[in-house]
Amino acid sequence: MTNPPTRWQLAGEDNRGYGRHFAELRASGSDIEGEARLADALAPRGARVLDVGSGMGRVAAALVARGHEVVATEPDAALRAQSRATYPDLAVLPHEALDLDPVDVGVFDLVVVVGNVMVFLGEDTERQVLRRLRSLLAPGGRILAGFELRGPKSGSRVYPAEDFLADAAASGLTATWRFGSYELHGPNDDYAVWVLEAGHDRRPSG
Ligand SMILES: C[S@@+](CC[C@H](N)C(=O)[O-])C[C@H]1O[C@@H](n2cnc3c(N)ncnc32)[C@H](O)[C@@H]1O
């Protein structure tokens, strides 16, 4: 079955500068590893980590540098090209989240879906994606998700916290933590960082 286009795809040219912007931040010495630091704290040493929608590779590369075995996947060809240019040693799959199969890629101690990926998914695919990510968790594995709640980016949706929690619950996931930033500020109305765990029923996505 064909997946619906992601909101990121539909935004097209409006988002073209994203990868270059982060490459420039990196070149200027700016901190672009906040998400990776929190992900590292959540994972066992030498963990298997999946970075879904890895963009220009900043989070995946920072996790590799911290000793994790990272599978990065990014469906946007321009971002994969930026990733190759910035982090030539980082392997990146072209899969979109709904096409990730645990038989092919294995299961993970931590699935990272940060930097607004959740608000750029295809319309009405949020539960499918969350179920799919759940099916990719190793026993005891967790998901780190983070996104802007008000959807101010070009082409992204507004994703209120209560809607995300309902989607997570319907997908067999429980939010064990909610923060307002990757530096663990308290919850706020602008940005949400979630840690999700699977329940006992781990049937693959439907
Ligand atoms: C704002 S960028 C974030 C990139 C990266 N996570 C970061 O933090 O630098 C949003 C990303 O979501 C990805 N995305 C949107 N829908 C997706 C899906 N269904 N599967 C995988 N990636 C998706 C886009 O391709 C894009 O790379």
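Is Arg178 buried, exposed or partly exposed? Arg178 is partly exposed, at a relative accessible area of 27%; buried means under 20%, exposed over 50% and partly exposed in between, with a 1.4 Å probe and protein chains only.

The model is predicted: local features need pLDDT of at least 70, side-chain atom pairs count only at pLDDT 80 or more, and totals for chains, interfaces and linings use all residues. Residues are numbered from 1 along each chain as its sequence is written, and side-chain values use heavy atoms, with hydrogens and water left out.

1. Surroundings of Arg178. Arg178 sits in strand β6, residues 173–179. Helices (H or I, at least four residues) and strands (E, at least two) are DSSP runs, numbered from the N terminus. Apart from neighbours within four places in sequence, Arg178 touches Leu149, Ala161, Pro187, Asn188, Ala192, Val193 and Trp194, where contact means heavy atoms within 4.5 Å. For Ala161, the separation from Arg178 is 17 residues in sequence and 9.6 Å in space, C-alpha to C-alpha.

2. Burial of α4. Helix α4 covers residues 58–65. Of its 8 residues, 6 are buried, so α4 is largely enclosed by the rest of the structure. The buried ones are Arg58, Val59, Ala60, Ala61, Ala62 and Leu63. Their cover includes α2 (17–27), α3, β1 (48–52), β2 (69–73) and β4 (108–113). Just after α4, Gly67 has a positive phi of about 95 degrees.

3. Packing of α3 on α4. The axis of α3 (residues 34–42) comes within 8 Å of the α4 axis, and the two cross at roughly 45 degrees. Axes are lines fitted to C-alpha atoms, for helices over the stretch in contact, and angles run from 0 to 180 degrees between N-to-C directions. The pair is therefore oblique; angles under 35 degrees count as roughly parallel, over 145 as roughly antiparallel, 65 to 115 as roughly perpendicular and the rest as oblique. The crossing is right-handed, that is, the near helix is turned clockwise from the far one by less than a right angle, anticlockwise being left-handed. On the α3 side the contact uses Glu35, Ala36, Ala39 and Asp40, and on the α4 side Arg58, Val59, Ala62 and Leu63. These residues divide into 5 nonpolar, no polar and 3 charged. Here Ala, Val, Leu, Ile, Met, Phe, Trp, Tyr, Cys and Pro count as nonpolar, Asp, Glu, Lys and Arg as charged, and the others, Gly among them, as polar.

4. Packing of α2 on α5. The axes of α2 and α5 (residues 77–86) come within 9 Å and cross at roughly 20 degrees. These helices are therefore roughly parallel, with a right-handed crossing. From α2 the contact takes Tyr18, Gly19, Arg20, Ala23 and Arg26, and from α5 Leu79, Gln82 and Thr86. The division for α2 with α5 is 3 nonpolar, 3 polar and 2 charged.

5. Asn116 has phi near 75 degrees and lies in the loop between β4 and α7 (126–135). Asn116 is buried, at 8% relative accessibility. Leu184 has phi near 65 degrees and lies in the loop between β6 and β7 (191–198). Leu184 is partly exposed, at 44% relative accessibility.

6. Annotated range. UniProt, in an unreviewed entry, lists residues 50–143 as "domain: Methyltransferase type". Over residues 50–143 the model has 34% helix and 24% strand, and the end C-alpha atoms are 9 Å apart.

Notes
UniProt positions renumbered as here; feature names shortened; annotations may be inferred.
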